[in-house]
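Visitor: Good afternoon. Could you take me through the pockets of this protein and one of its residues?

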Amino acid sequence: MRTIFNPDGPLFSFGEQLFNIMAVSILWAICCIPIVTIGSATGALYYVTVKQVRKNNGSLLNNFFSSFRDSLRTGIPLTSIVLIYTTVMVAAILMLNGMAENGSIGSAGGYLSFAAKALLLPLLLVLPYLWPVLSRFTMGVGAILKLSIVMSLRFFWRTILSLVLIAASALLIWFIPYFIFALPGVCALVCSFLIEPALLKYTPKHDTNEPIPWYWE
């Protein structure tokens, strides 16, 4: 009994981690409100779940806002590109489907709609990696996109599993909005076990003369 209620015991440790997951989920939701900051907020969410929840390194607020602030310059244009691309493709699909149904463009509308859907596939594949890469490396938008594409293909099964987890979490939040207070952190935590091994393949090895970076601990 003493072990259970010991401040250093498993019960208190679980409670602390649960609090961290809920807190970072709430911070993520708040920082996503401007919309163009969704990428930076998601990168900070991943950063905290790995550094704070998994490795117990640093403080939650400092970790989240330092990652969020440092990634804004690249995160805002990257998020804008993703949002614009998604909006254009979805609008094209809806328009082409409507035109195919009323027969204004004949059978070609179905093929064009399929082509537009296919153009969404590359974006879906890179989504699990864009924001972790943003949070880990100092890169331009082009370099982040290139590395994310390479990782999505090289670690294809990790990509698919991550997409399934993200889609399931999004659906649960859609139908049960209260889940937004915890599920983003849970999803990021579970996905980190899939993404982190892939991410470390492209992370430079630490200099033996310098302290070990937190992500190699």
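Predicted model: local features only at pLDDT ≥ 70, side-chain atom pairs only at ≥ 80, totals over all residues.

Visitor: What volume does the largest pocket have?

Guide: The volume of the largest pocket is about 990 Å³. Its lining comprises 29 residues, and W28, T42, W131, I166 and A170 are the closest to the centre.

Visitor: Which helix gives the most to that lining?

Guide: Helix α6 gives the most to the lining of the largest pocket, namely 7 residues. At least two residues each are supplied by α2, α3, α4, α6 and α7.

Visitor: How many residues of the lining are nonpolar, polar or charged?

Guide: In the largest pocket, 25 lining residues are nonpolar and 4 are polar, while no charged residue is found there.

Visitor: And what about the second largest pocket: how do its lining residues divide?

Guide: The lining of the second largest pocket has 7 nonpolar, 7 polar and 3 charged residues. This pocket holds about 340 Å³ of space. Of its 17 lining residues, D70, L134, S135, F137 and T138 lie nearest the centre.

Visitor: Which elements give two or more residues there?

Guide: Those elements are α3 and α4. Helix α3 gives the most, with 6 residues.

Visitor: A change of topic: where is V141?

Guide: V141 belongs to helix α5, which covers residues 141–154.

Visitor: Why does V141 count as buried?

Guide: V141 counts as buried because its relative accessibility is 19%, and buried means under 20%.

Visitor: Which residues is V141 in contact with, leaving aside neighbours within four places in sequence?

Guide: V141 then has contacts with T74, P77, L78 and I81. As for I76, 65 residues separate it from V141 in sequence, yet their C-alpha atoms are 9.8 Å apart.

Conventions: Residues numbered from 1 in each chain as written. Heavy atoms only, no water. Helix = DSSP H or I, 4+ residues; strand = E, 2+ residues; numbered from the N terminus. Buried < 20%, exposed > 50% of the residue type's maximum accessible area, 1.4 Å probe, protein only. Contact = heavy atoms within 4.5 Å. 1 Å grid on protein atoms, 1.4 Å probe; cavity = no way out; pocket = protein on both sides within 12 Å on 5 of 7 lines; lining within 4 Å. Points joined across faces, edges and corners; volume = space filled by probe spheres on them. Nonpolar A, V, L, I, M, F, W, Y, C, P; charged D, E, K, R; others polar.
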